[in-house]
Amino acid sequence: MEVRQLKSFNFVKNKKYFFIFTAVVLIAGIICIIVKGFNVDTDFAGGTNIQIRITKTLEAADLDNIRSLCESATGETVSSIQKSGANSDEVIIKMKEIDSEKRAQLFDSISAEYNLTEDDLLSVTNVGASMSADLRQAALMSTIIAVALMLVYISIRFKLLSAVAAVICLVHDLLVMLIAYSVFSIPMQSTMIAAFLTILGYSINATIIIFDRMREERKLDRERDLGDIANDSIRATLTRSLNTTLTTLFTIGMIYLFGVESIRSFALPLIVGIVAGLYSSVCLAGNIWVVLDKLTSKNKKQEAMQ
C-alpha cells in the first residue's frame, strides 16, 4: 500500500482489525515465550565470562566451531559468543558458571584446535547471582520509572485518557521487543536496558506528534467527533512518521548488517522496537484514545440519567 493510499485510509473505522492483529501477535508471542523461553546472558543469570585471543581473524564459522568445542568440553550450553579485539581476533564466551576443572578443559580444547598458549587466555570472570539480581532490578525499575514519568507528562500536556492510551502503546512495544528476544534467541544482556529505554523515548515521541495534532484540531472544533479528529491527525502526520522511521531504520539496519555480533544483538531488538513503535503510534494510540473517550462519555451519560 503506497503512502498516497494510506493517506486516504480510514484508520479509526478499521480499528477493530488493528486490535485483532495486535491481539493475535501478542498471544502468539507470549506462547512462544512460555514454550521457548529466553536466551539469558550471564549479565542477568550469572555465570562465567572467558576472553581468549585466537591466532586468526575470526569468521562466523570459527565462532560456531568454538561454541561446539566449549559445549563438548564442558557439557554446558554457551549463552553468548562474540568477537572482540581491534582485529576481531579475540572471542568472549559467556556461559553458566563452571568450575576451574571445566574451564581448563574448555581452554585445552580450544588451544588444541588453534595452537594457543597460556598467554592467550586473557581473562576469566565469574558474574555472581547477586550482581545479576541487582542488574535485573535496575532494568525493571528504570523501565517503570520511565513509563510513570511519561504518564505524568502526557497527563499534564494532554489528558489522562491520552496518557493511558500512550502507556498501553508503550507496553505493547516492550512486549513485542521481549517476544523478539525469545523468537530470535537474542542474548538478554545489559544492553537490553538501553534498547528498552531508547524505544520508549522513540515511540512516545511519535505518539505525541499525533496527539498534539489531535489537541490542536479539537481546539478548533470542540463539537467534532474525536474519531474524525484522530483519523485526520494520523493522516496529516503519516508522512513525517514514515520518513522518521525509515531514516532511523536505514541507520540501524547498516549497524546490524556490518556490525560485530555484540552490536548486532543490540541493533536487532531496536529494529523490531522501531517498527513496533511506528505501528502502535499510527494504528493503536489514536484509536485507543477514541475508545477510552467513548467509554468514559458513555459512563457519564449513564450516571447523569440515574
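**A walk through the model**

Let me start with a loop residue. Ser185 is partly exposed, with 33% relative accessible area. Look for Ser185 in the loop between H7 and strand S6, which spans 187–188. Its phi is near 55 degrees, a positive value in a residue other than glycine. As a reminder, most residues other than glycine have a negative phi.

Before going further: this is a predicted model.

There is another case to flag. Asn115 also has a phi near 55 degrees, again positive and again not a glycine. Asn115 sits in the loop between H5 and S5. Is Asn115 buried or exposed? Asn115 is exposed, at 65% relative accessible area.

Now the sheet. Four strands make an open sheet. The order is S3-S4-S2-S5, and the pairing is antiparallel. Which strands are at the edges? The edge strands are S3, residues 78–84, and S5, residues 121–127. Each of the two pairs on one side only. On average, neighbouring strands are turned by 15 degrees against each other, direction ignored.

Take one pairing in detail. S2, residues 47–53, and S4, residues 90–95, pair antiparallel over six bridges. Arg53 has Glu90 in S4 as its bridge partner. Keep Arg53 in mind.

Helix H4, residues 60–74, touches S3 and S4. The direction of H4 makes about 140 degrees with that of S3. Helix H5, residues 100–114, touches S2, S4 and S5. The direction of H5 makes about 30 degrees with that of S2.

Next, charges. How many salt bridges does a search of the whole structure find? The search finds 10 salt bridges.

Here is Arg53 again. Its side chain meets that of Asp120 in a salt bridge, at 3.2 Å, N to O. This pair links distant parts of the chain. Asp120 is in the loop between H5 and S5, Arg53 is in strand S2, and they are 67 residues apart. Why does Asp120 count as buried? Its relative accessible area is 9%, and the cut-off for buried is under 20%. Arg53, at 29% relative accessibility, counts as partly exposed.

Over to helix H8. Arg215 forms a salt bridge with Asp212, with the closest N and O atoms 2.6 Å apart. Both residues lie in H8, three residues apart, about one turn of the helix. Arg215 also forms a salt bridge with Glu216, where the closest N and O atoms are 3.8 Å apart.

Asp212 is partly exposed, at 22%. Glu216 is partly exposed too, at 37%. Through shared partners, salt bridges join Arg157, Asp212, Arg215 and Glu216 into one network.

Stay with H8 and look at H9. Their axes come within 8 Å and cross at roughly 145 degrees. The crossing of H8 past H9 is right-handed. On the H8 side, the contact residues include Tyr202, Ile209, Ile210 and Met214. Arg213, Glu217 and Arg218 of H8 take part as well. On the H9 side, the contact residues include Leu226, Ile229, Ile234, Arg240 and Thr248.

Last topic: the cores. The largest nonpolar core has 55 residues. Which residues have the most contacts inside it? They are Phe11, Tyr181, Leu200, Ile204, Phe211, Met214 and Val282.

H6 (129–157), H7 (160–183), H8 (191–220), H9 (226–258) and H10 (261–305) each supply at least two residues. The largest share comes from H10, with 15 residues.

Key. Residues are numbered from 1 along each chain as its sequence is written. This is a predicted model: local features need pLDDT of at least 70, side-chain atom pairs count only at pLDDT 80 or more; totals for chains, interfaces and linings use all residues. Side-chain values use heavy atoms; hydrogens and water are left out. A nonpolar core is a set of buried Ala, Val, Leu, Ile, Met, Phe, Trp, Tyr and Cys residues joined through side-chain atoms within 4.5 Å. Buried means under 20% relative accessible area, exposed over 50%, partly exposed in between (1.4 Å probe, protein chains only). Two strands pair if DSSP finds at least two bridges between them. Axes are lines fitted to C-alpha atoms, for helices over the stretch in contact, and angles run from 0 to 180 degrees between N-to-C directions. Contact means heavy atoms within 4.5 Å. A salt bridge is a side-chain nitrogen of Lys or Arg within 4 Å of a carboxyl oxygen of Asp or Glu. A crossing is left-handed if the near helix is turned anticlockwise from the far one by less than a right angle, and right-handed if clockwise.
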